[in-house]
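Hello,

Here is the structure I promised to pass on. Please look it over, then read my notes below.

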Amino acid sequence: LSYVNSVLEENLSINPITTDEKSILSDNLVMVKQNKKFGGNMLIKMFLSHPKTRDLFPNFAKVPISSLPNNAEFVAISNMMLSGFEFMVQNIDQPQVLRQVLGNKPIGQYFVADI
């Protein structure tokens, strides 16, 4: 995520997305919602690709990855993350709503450095 922070810092100008991009996001959301395991699979792939990200989830840091799909707390968190993504997509044209939900923080505070 330190890479994400550096890219954001270099590209602070935020450009509105196009109608086609909005459509792509909405279409992806429809597909994602059809797979109830998508959120968990997404987190597991992140943990496997970037092992240090498990530190962001201390309850799962020491749990074998193979047991996570059956862990009720893991499933709840992965579903919550997908709900957040859905909220962001649905409100993409309302930056004031997104800012309020994100706590009006500076961009650098939305991410954990050096993960």
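First, the ground rules. This is a predicted model, where local features need pLDDT of at least 70, side-chain atom pairs count only at pLDDT 80 or more, and totals for chains, interfaces and linings use all residues. Residues are numbered from 1 along each chain as its sequence is written, and side-chain values use heavy atoms, with hydrogens and water left out.

**Overall**

The protein has five helices and zero strands. From the N terminus the order is α-α-α-α-α. Helices (H or I, at least four residues) and strands (E, at least two) are DSSP runs, numbered from the N terminus. Of the 115 residues, 19% are buried. Buried means under 20% relative accessible area, exposed means over 50%, and partly exposed is in between (1.4 Å probe, protein chains only). Now the contacts, meaning heavy atoms within 4.5 Å. Among those with a separation of 6 or more, 54% join residues 24 or more positions apart.

**Helix α4**

Helix α4 covers residues 72-90, which is 19 residues. The expected span of a helix is 1.5 Å times one less than its number of residues. For α4 that gives 27 Å, and the end C-alpha atoms are 27 Å apart, so the two agree. Asn71 caps the N-terminal end: one of its side-chain oxygens lies 3.0 Å from the backbone nitrogen of Glu73. The buried residues of α4 are Phe74, Ile77, Ser78, Leu82, Glu86 and Val89. Their cover includes α2 (19-34) and α3 (38-49).

**Its partners**

Take α2 first. α2 and α4 pack at about 155°, with axes 10 Å apart. α2 is therefore roughly antiparallel to α4. Axes are lines fitted to C-alpha atoms, for helices over the stretch in contact, and angles run from 0 to 180 degrees between N-to-C directions. Angles under 35 degrees count as roughly parallel, over 145 as roughly antiparallel, 65 to 115 as roughly perpendicular and the rest as oblique. The crossing of α2 and α4 is left-handed, meaning that the near helix is turned anticlockwise from the far one by less than a right angle. On the α2 side, Leu25, Ser26, Leu29, Val32 and Lys33 take part; they meet Leu82, Phe85, Glu86 and Val89 of α4.

Then α3. α3 and α4 pack at about 100°, with axes 8 Å apart. That makes α3 roughly perpendicular to α4. Here Phe38, Gly39, Gly40, Leu43, Ile44 and Phe47 of α3 meet Phe74, Ser78, Met81 and Leu82 of α4.

**The loop between α3 and α4**

Asn59 lies in this loop. Its side chain joins that of Glu73 in a polar contact of 2.6 Å. A polar contact is a pair of N or O atoms within 3.5 Å; within protein, one must be able to donate a hydrogen and the other to accept it, and residues adjacent in sequence count only if both atoms are side-chain atoms. Asn59 and Phe74 are 15 residues apart in sequence, and their C-alpha atoms are 8.7 Å apart in space.

Thr53 is in the loop too. Thr53 is buried, because its relative accessible area is 4%. A polar atom of its side chain lies 2.6 Å from the backbone oxygen of His50.

**Helix α5**

Pro95 is in helix α5 (residues 95-101). Pro95 counts as partly exposed, because its relative accessibility is 37%. Pro95 and Pro16 are 79 residues apart in sequence, yet 10.0 Å apart in space, C-alpha to C-alpha.

Best wishes
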